[in-house]
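Trainee: I would like to go through this model residue by residue, beginning with the packing. Can we put the structure up?

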Amino acid sequence: MKNLMSSSITFALVFFLLSLNPTSSLPSKRETYVQNACSVTRYQDLCAKTLLPFASVAKNSPSKWARAGVSVAITDNKDVLRHLLKTRLSTIGKRDRVALSDCRELLQDSLDSLHKSLAVLRTLRASEFQQQMSDLATWLSTSLTDKDTCLDGFEKTSTRSSSTVRMIRKRVTTSLYLSSNSLALLNKLAANGL
């Protein structure tokens, strides 16, 4: 009897707790949209975190997700570039200064490629779709290459890097991941069509 009573209380307690928040373990529609979109990316957690604000608008639209991915990459690229421009040269060694100068130029080129991509994504046309996809793939790949080249420049500098250089590497790496996600979202759009 005591065991039956204990089981009843446990069941009632579990039922009560579940009734307080019945959907706590179920993803929301927005989360489902972003998980579906980000499933094609290499950095899915970063993708989901950065694109969740776009979910209620993008829903299941590959073109809107591609636009959102490029928009996020642009915002991050601008922030990283701003950080690089503010970096005091006195805080890093001579070789790192050369790498920083190159990196600033490369991130500006990357930003230009991202802006061109967003402009085209805003004006997609069925009659020009294949050419637009080709151009977009080129520009987003260029953005990735620019960031990768920036990171290579810092790898060739001193083995004992300063905290400033470590921070630059970390920020540029995240920016590279966002550009990679953008390219993956574009490839999904290219595969699905308009």
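Trainee: Leaving aside neighbours within four places in sequence, which residues is Phe-154 in contact with?

Mentor: Keep in mind that the model is predicted. Once neighbours within four places in sequence are set aside, the contacts of Phe-154 include Val-165, Ile-168 and Arg-169.

Trainee: How many residues does the largest nonpolar core have?

Mentor: Phe-154 is among the residues with the most contacts inside that core, along with Leu-51, Trp-65, Leu-121, Leu-136, Leu-186 and Leu-189. The largest nonpolar core has 48 residues.

Trainee: Which helices each supply at least two residues of this core?

Mentor: The protein has eight helices and zero strands, so any element that contributes must be a helix by the DSSP assignment. Those that supply at least two core residues each are α2 (29–38), α3 (44–51), α4 (55–58), α5 (62–86), α6 (94–121), α7 (129–155) and α8 (163–192).

Trainee: Among contacts between residues at least 6 apart in sequence, what share joins residues at least 24 apart?

Mentor: The elements run α-α-α-α-α-α-α-α from the N terminus on. Of the contacts between residues at least 6 apart, the share that joins residues at least 24 apart is 71%.

Trainee: Which parts does the disulfide of Cys-103 and Cys-150 tie together?

Mentor: The sulfur atoms of Cys-103 and Cys-150 are 1.7 Å apart and form a disulfide. The two cysteines are 47 residues apart in sequence, so their link ties together separate parts of the chain. Cys-103 lies in helix α6 and Cys-150 in helix α7.

Trainee: Are Cys-103 and Cys-150 buried or exposed, and which hand does their link have?

Mentor: Cys-103 and Cys-150 are both buried. The angle about their S-S bond is -70°, and the link is left-handed.

Trainee: Why do Cys-38 and Cys-47 count as buried?

Mentor: A disulfide joins Cys-38 to Cys-47, with an S to S distance of 2.0 Å, and this link is left-handed at -75° about the S-S bond. Buried means under 20% relative accessible area. Both cysteines count as buried because Cys-38 has a relative accessible area of 2% and Cys-47 one of 1%.

Trainee: What pattern do the disulfides of the protein follow?

Mentor: The count comes to two disulfides. With bonded cysteines counted along the chain, the pattern is 1-2, 3-4.

Trainee: Where do Arg-82 and Asp-79 lie?

Mentor: The side chains of Arg-82 and Asp-79 meet in a salt bridge, at 2.9 Å from N to O. Arg-82 is partly exposed at 43% relative accessible area, and Asp-79 is partly exposed at 31%. The two residues are three apart, about one turn of the helix, and both lie in helix α5.

Trainee: What share of the accessible surface belongs to carbon and sulfur atoms?

Mentor: Buried residues make up 37% of the 194 residues. The accessible surface comes to about 11600 Å², and the share of carbon and sulfur atoms in it is 55%.

Note on methods. Residues numbered from 1 in each chain as written. Predicted model: local features only at pLDDT ≥ 70, side-chain atom pairs only at ≥ 80, totals over all residues. Heavy atoms only, no water. Core = buried A, V, L, I, M, F, W, Y, C linked by side-chain atoms within 4.5 Å. Buried < 20%, exposed > 50% of the residue type's maximum accessible area, 1.4 Å probe, protein only. Helix = DSSP H or I, 4+ residues; strand = E, 2+ residues; numbered from the N terminus. Contact = heavy atoms within 4.5 Å. Areas by Shrake-Rupley, 256 points an atom, 1.4 Å probe, with all protein chains shown as cover. Salt bridge = Lys/Arg side-chain N within 4 Å of Asp/Glu carboxyl O. Disulfide = S-S within 2.5 Å.
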